[in-house]
Amino acid sequence: MNIGQAAKASGVSAKMIRYYEQIKLIGPAHRTQSSYRTYTDNEINTLKFIRRARDLGFSVEQMKTLVALWRDKSRSSADVKAIALEHVAELERKAAAIQAMSRTLKHLAQHCHGDDRPECPIIDDIANAADDDLPSVDARFGVYSL
(Lines give C-alpha, C1' and ligand atoms only; values in the text may rest on other atoms or scores of the structure.)
Protein backbone atom coordinates (compact mmCIF):
# COMPACT_ATOMS: atom_id res chain seq x y z
CA MET A 1 0.00 0.00 0.00
CA ASN A 2 1.15 3.53 -0.60
CA ILE A 3 0.97 6.14 2.16
CA GLY A 4 -2.47 7.42 1.10
CA GLN A 5 -3.92 3.92 1.15
CA ALA A 6 -2.20 3.22 4.47
CA ALA A 7 -3.67 6.41 5.91
CA LYS A 8 -7.16 5.45 4.79
CA ALA A 9 -6.83 1.85 6.02
CA SER A 10 -5.40 2.80 9.42
CA GLY A 11 -7.24 6.04 10.19
CA VAL A 12 -3.89 7.81 10.65
CA SER A 13 -3.20 10.75 8.34
CA ALA A 14 -0.28 10.58 5.93
CA LYS A 15 1.28 13.53 7.75
CA MET A 16 1.10 11.67 11.08
CA ILE A 17 2.50 8.50 9.51
CA ARG A 18 5.52 10.51 8.32
CA TYR A 19 5.82 12.07 11.78
CA TYR A 20 5.63 8.68 13.53
CA GLU A 21 8.39 7.45 11.25
CA GLN A 22 10.48 10.55 11.98
CA ILE A 23 10.22 10.10 15.76
CA LYS A 24 10.80 6.35 15.38
CA LEU A 25 7.41 5.32 16.75
CA ILE A 26 7.24 3.15 13.64
CA GLY A 27 10.11 1.83 11.59
CA PRO A 28 11.14 3.40 8.31
CA ALA A 29 8.80 2.57 5.47
CA HIS A 30 9.89 0.37 2.65
CA ARG A 31 10.58 2.44 -0.46
CA THR A 32 9.93 1.79 -4.11
CA GLN A 33 12.59 2.56 -6.70
CA SER A 34 10.97 5.97 -7.10
CA SER A 35 11.22 6.52 -3.30
CA TYR A 36 7.52 6.17 -2.55
CA ARG A 37 6.70 4.72 0.86
CA THR A 38 4.93 1.36 0.93
CA TYR A 39 3.26 -0.39 3.83
CA THR A 40 2.41 -4.00 4.63
CA ASP A 41 -0.62 -5.34 6.47
CA ASN A 42 1.51 -5.70 9.61
CA GLU A 43 2.48 -2.03 9.43
CA ILE A 44 -1.17 -1.06 8.95
CA ASN A 45 -2.03 -3.06 12.07
CA THR A 46 0.70 -1.20 13.97
CA LEU A 47 -0.73 2.12 12.77
CA LYS A 48 -4.22 1.05 13.89
CA PHE A 49 -2.78 0.11 17.29
CA ILE A 50 -1.10 3.52 17.55
CA ARG A 51 -4.29 5.27 16.48
CA ARG A 52 -6.26 3.56 19.24
CA ALA A 53 -3.58 4.33 21.82
CA ARG A 54 -3.59 7.96 20.69
CA ASP A 55 -7.40 8.06 20.89
CA LEU A 56 -7.06 6.90 24.50
CA GLY A 57 -4.71 9.82 25.16
CA PHE A 58 -1.43 7.98 25.64
CA SER A 59 1.71 10.06 25.15
CA VAL A 60 4.20 9.28 22.40
CA GLU A 61 6.59 7.78 24.95
CA GLN A 62 3.82 5.61 26.37
CA MET A 63 2.84 4.55 22.86
CA LYS A 64 6.45 3.54 22.14
CA THR A 65 6.41 1.36 25.23
CA LEU A 66 2.98 -0.08 24.41
CA VAL A 67 3.99 -0.92 20.83
CA ALA A 68 7.11 -2.67 22.13
CA LEU A 69 5.02 -4.61 24.65
CA TRP A 70 2.44 -5.48 21.99
CA ARG A 71 5.17 -6.95 19.80
CA ASP A 72 6.76 -8.84 22.73
CA LYS A 73 4.80 -12.07 23.03
CA SER A 74 6.60 -12.87 26.30
CA ARG A 75 5.51 -9.59 27.90
CA SER A 76 4.05 -9.41 31.35
CA SER A 77 0.51 -8.08 31.40
CA ALA A 78 1.47 -6.40 34.68
CA ASP A 79 3.73 -4.06 32.69
CA VAL A 80 0.86 -3.09 30.40
CA LYS A 81 -1.51 -2.67 33.32
CA ALA A 82 0.96 -0.40 35.14
CA ILE A 83 1.16 1.91 32.12
CA ALA A 84 -2.61 1.98 31.79
CA LEU A 85 -3.18 2.73 35.48
CA GLU A 86 -0.54 5.47 35.44
CA HIS A 87 -2.34 6.99 32.46
CA VAL A 88 -5.72 6.69 34.21
CA ALA A 89 -4.32 8.59 37.20
CA GLU A 90 -3.05 11.35 34.91
CA LEU A 91 -6.41 11.54 33.12
CA GLU A 92 -8.17 11.81 36.47
CA ARG A 93 -5.82 14.64 37.54
CA LYS A 94 -6.57 16.45 34.28
CA ALA A 95 -10.30 15.88 34.68
CA ALA A 96 -10.19 17.30 38.21
CA ALA A 97 -8.28 20.34 36.97
CA ILE A 98 -10.80 20.88 34.19
CA GLN A 99 -13.67 20.59 36.68
CA ALA A 100 -11.95 23.16 38.91
CA MET A 101 -11.55 25.53 35.97
CA SER A 102 -15.19 25.03 35.05
CA ARG A 103 -16.37 25.75 38.61
CA THR A 104 -14.21 28.88 38.77
CA LEU A 105 -15.49 30.19 35.45
CA LYS A 106 -19.12 29.43 36.36
CA HIS A 107 -18.67 31.26 39.66
CA LEU A 108 -17.09 34.27 37.93
CA ALA A 109 -19.79 34.32 35.24
CA GLN A 110 -22.52 34.24 37.91
CA HIS A 111 -20.98 37.33 39.50
CA CYS A 112 -20.56 39.22 36.25
CA HIS A 113 -23.43 41.59 35.53
CA GLY A 114 -23.13 41.01 31.79
CA ASP A 115 -24.33 44.51 31.00
CA ASP A 116 -22.84 47.74 29.63
CA ARG A 117 -20.76 48.41 32.76
CA PRO A 118 -17.00 47.88 32.43
CA GLU A 119 -16.67 46.13 35.80
CA CYS A 120 -16.19 42.42 35.26
CA PRO A 121 -15.03 39.83 37.81
CA ILE A 122 -13.89 37.55 34.98
CA ILE A 123 -11.45 40.15 33.64
CA ASP A 124 -10.40 41.07 37.19
CA ASP A 125 -9.64 37.44 38.03
CA ILE A 126 -7.62 36.90 34.86
CA ALA A 127 -5.72 40.16 35.41
CA ASN A 128 -4.94 39.29 39.03
CA ALA A 129 -3.89 35.72 38.25
CA ALA A 130 -0.34 37.00 37.78
CA ASP A 131 -0.03 37.04 41.57
CA ASP A 132 2.53 34.49 42.73
CA ASP A 133 0.19 32.99 45.32
CA LEU A 134 -2.29 31.70 42.73
CA PRO A 135 -1.87 28.38 40.91
CA SER A 136 -1.32 28.65 37.19
CA VAL A 137 -3.16 26.61 34.62
CA ASP A 138 -1.51 24.98 31.64
CA ALA A 139 -4.48 25.20 29.29
CA ARG A 140 -2.90 22.80 26.80
CA PHE A 141 -3.07 20.01 29.35
CA GLY A 142 -5.69 21.29 31.79
CA VAL A 143 -3.42 20.97 34.77
CA TYR A 144 -2.54 23.26 37.60
CA SER A 145 1.00 23.92 38.68
CA LEU A 146 1.69 25.28 42.12
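I started in helix H3 (residues 41-55), where Arg51 and Asp55 sit four residues apart, about one turn of the helix. This is a predicted model. I checked the two side chains for contact: Arg51 and Asp55 meet in a salt bridge, 3.1 Å from N to O.

Arg51 has a relative accessible area of 28%, so I noted Arg51 as partly exposed. Asp55 comes out at 46% relative accessibility and also counts as partly exposed.

I then searched the whole structure for salt bridges. The search returned five.

I turned to one that involves Glu21. Its partner is Arg37, and the closest N and O atoms are 3.0 Å apart. I traced where the two residues sit. Glu21 belongs to helix H2 (residues 14-22) and Arg37 to strand S2 (residues 37-38). They are 16 residues apart, and the pair links distant parts of the chain. Buried or exposed, I asked of Glu21 and Arg37? Both are buried.

My last stop was helix H5 (residues 77-110), which holds Arg93 and Glu90. They are three residues apart, so about one helical turn separates them. I looked at the side chains and found a salt bridge between Arg93 and Glu90, with N to O at 2.5 Å.

I finished with accessibility here. Arg93 has a relative accessible area of 48% and is partly exposed. That value stays below the cut-off for exposed, which is over 50%. Glu90 is partly exposed too, at 27%. Buried would need a value under 20%.

Terms used. Residues are numbered from 1 along each chain as its sequence is written. This is a predicted model: local features need pLDDT of at least 70, side-chain atom pairs count only at pLDDT 80 or more; totals for chains, interfaces and linings use all residues. Side-chain values use heavy atoms; hydrogens and water are left out. A salt bridge is a side-chain nitrogen of Lys or Arg within 4 Å of a carboxyl oxygen of Asp or Glu. Helices (H or I, at least four residues) and strands (E, at least two) are DSSP runs, numbered from the N terminus. Buried means under 20% relative accessible area, exposed over 50%, partly exposed in between (1.4 Å probe, protein chains only).
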